[in-house]
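Subject: Structure for your review

Dear colleague,

Please find the structure below, with the sequence alongside. My findings follow it.

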Amino acid sequence: MSEHVVIVGSGPAGWAAAIYAARASLNPLVYEGAVTEDNRLQGTLPLGQLALTTEVENYPGFPSGDLSDYLRSSLPAEHHWMVDLHQKEGCSGPELMHLMRQQATNFGARIVTEDIVDVDFGSRPFQLKSGSGSNVEAMCVIVATGARANYLGLPSEEKYKNAGVSACAVCDGALPRFRDKPLVVVGGGDSAVEEADFLSKFASTVYLVHRRDELRASKIMAQRAIDNPKIDIQWNTQVDEILGTDTDGVTGVRLKSSTDGGSRVVEATGAFMAIGHTPNTDFLAGKLEMTEKKYVRWTVPFRTNTSVEGVFAAGDVADDYYRQAVTAAGTGCMAALDAERWLASQGL
Ligand code: NAP
């Protein structure tokens with residue numbers, strides 16, 4: 001039997017799509033991804049990038065305060081361990097994602113904890129193959145597999161993730177550990193400049209570490225960084241090691257000159273990677289039209305349509321510009337509405 005709607009992905013876009021599709025009686029089936037070591041190392045476990053962050057202070061509707069009672073009443077008993085870890089300061093990324101997942105489940109969304117590894121959009125119904133080798137047929141598909149932040153690949157960087165190493169200044173920058181302290185941002189593109197500018201509102205100094213002598217960022221953004229007295233650009237410099245302790249997390253960064261190899265240490269309580277993102281679209285290669293950077297291309301302005309009729313995309317997998325939880329959830333909602341209307345137009 002063919003599914004009406006299969007949703008691939010389990011970040012805010014996937015769950016928002018599932019909530020709306022379930023409430024529209026489309027009985028969605030969500031492939032939330034597999035819990036594997038490969039996915040852990042890549043940053044592509046179920047629940048997406050938000051599950052890798054700490055506090056979420058900018059998702060509307062979750063002001064700071066003690067949400068323990070609300071979390072306990074909203075999540076099933078098997079997730080109460082999370083409530084016991086609750087920081088009593090608004091909502092964390094993992095909590096928000098579990099709440100969204102639970103909300104989708106409450107409306108009847110069915111969940112499979114596997115990856116989709118291959119698709120055939122050339123036949124109808126569409127064919128999707130899971131990591132375990134099983135096949136599912138779908139009349140309509142919503143792709144919401146997100147993107148993963150690129151990291152440098154240093155073991156010390158891995159060690160201090162969530163203890164000072166981050167790839168999202170907007171998500172984490174206002175945390176107490178970063179206030180009035182020196183911070184490091186790595187990268188030379190618009191993201192790095194934007195993150196450095198954002199962090200300069202909290203930090204004492206932001207070292208913007210760029211491996212070349214010229215920023216890749218647009219001229220106007222680059223000039224903003226150069227003119228900002230709190231941003232200290234470290235030209236021709238790479239990160240050699242993130243320094244820290246088990247109790248304090250990141251305490252500094254060892255930098256290495258790209259020109260003469262000389263090294264030096266700067267004190268910092270945070271190291272923000274802004275060296276680009278990689279969309280999770282490998283399984284879609286050759287199946288959907290992509291942008292140059294391999295993001296799924298939205299083919300109709302202000303809609304979530306893709307190059308294949310009946311396949312819609314939502315969230316960071318198709319958006320390398322906004323990349324926020326709230327915008328991902330917004331496009332997830334749009335994709336479910338687009339899917340519902342498309343199915344109705346086909347009499348399905
Ligand atoms: P990006 O433009 O690809 O820049 C990535 C930066 O990271 C580059 O400066 C690159 O150095 C550096 N980098 C990559 N790998 C590295 C490594 N292993 N070690 C050290 N440095 C490394 O990515 P982005 O800044 O995330 O921007 C992505 C897109 O979003 C762009 O089109 C951008 O314009 C857009 N965006 C726009 C805005 C805005 O307009 N407000 C804000 C953010 C992003 P090299 O320069 O040497 O290659």
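Five aromatic pairs are present in the structure, where rings of Phe, Tyr and Trp (its six-membered ring) pair if their centres lie within 6.5 Å. This is a predicted model, in which local features need pLDDT of at least 70, side-chain atom pairs count only at pLDDT 80 or more, and totals for chains, interfaces and linings use all residues. Residues are numbered from 1 along each chain as its sequence is written, and side-chain values use heavy atoms, with hydrogens and water left out.

One of the pairs joins Y59 and F62: the ring centres are 6.2 Å apart and the planes stand at 50 degrees, so this pair is tilted (planes under 30 degrees apart count as stacked, over 60 as edge-to-face and the rest as tilted). Y59 and F62 are both buried (under 20% relative accessible area; exposed means over 50%, partly exposed in between, with a 1.4 Å probe and protein chains only).

Y321 and Y322 also form a pair, edge-to-face, with 4.8 Å from centre to centre and 90 degrees between the planes. Y321 is exposed at 64% relative accessibility, and Y322 is exposed at 52%.

Turning to the helices (DSSP runs of H or I, at least four residues, numbered from the N terminus), the axes of α1 (residues 12–23) and α5 (residues 93–106) come within 8 Å and cross at roughly 25 degrees. Axes are lines fitted to C-alpha atoms over the stretch in contact, and angles run from 0 to 180 degrees between N-to-C directions. The helices α1 and α5 are therefore roughly parallel (angles under 35 degrees; over 145 is roughly antiparallel, 65 to 115 roughly perpendicular and the rest oblique).

Yours sincerely

Methods
Helices (H or I, at least four residues) and strands (E, at least two) are DSSP runs, numbered from the N terminus.
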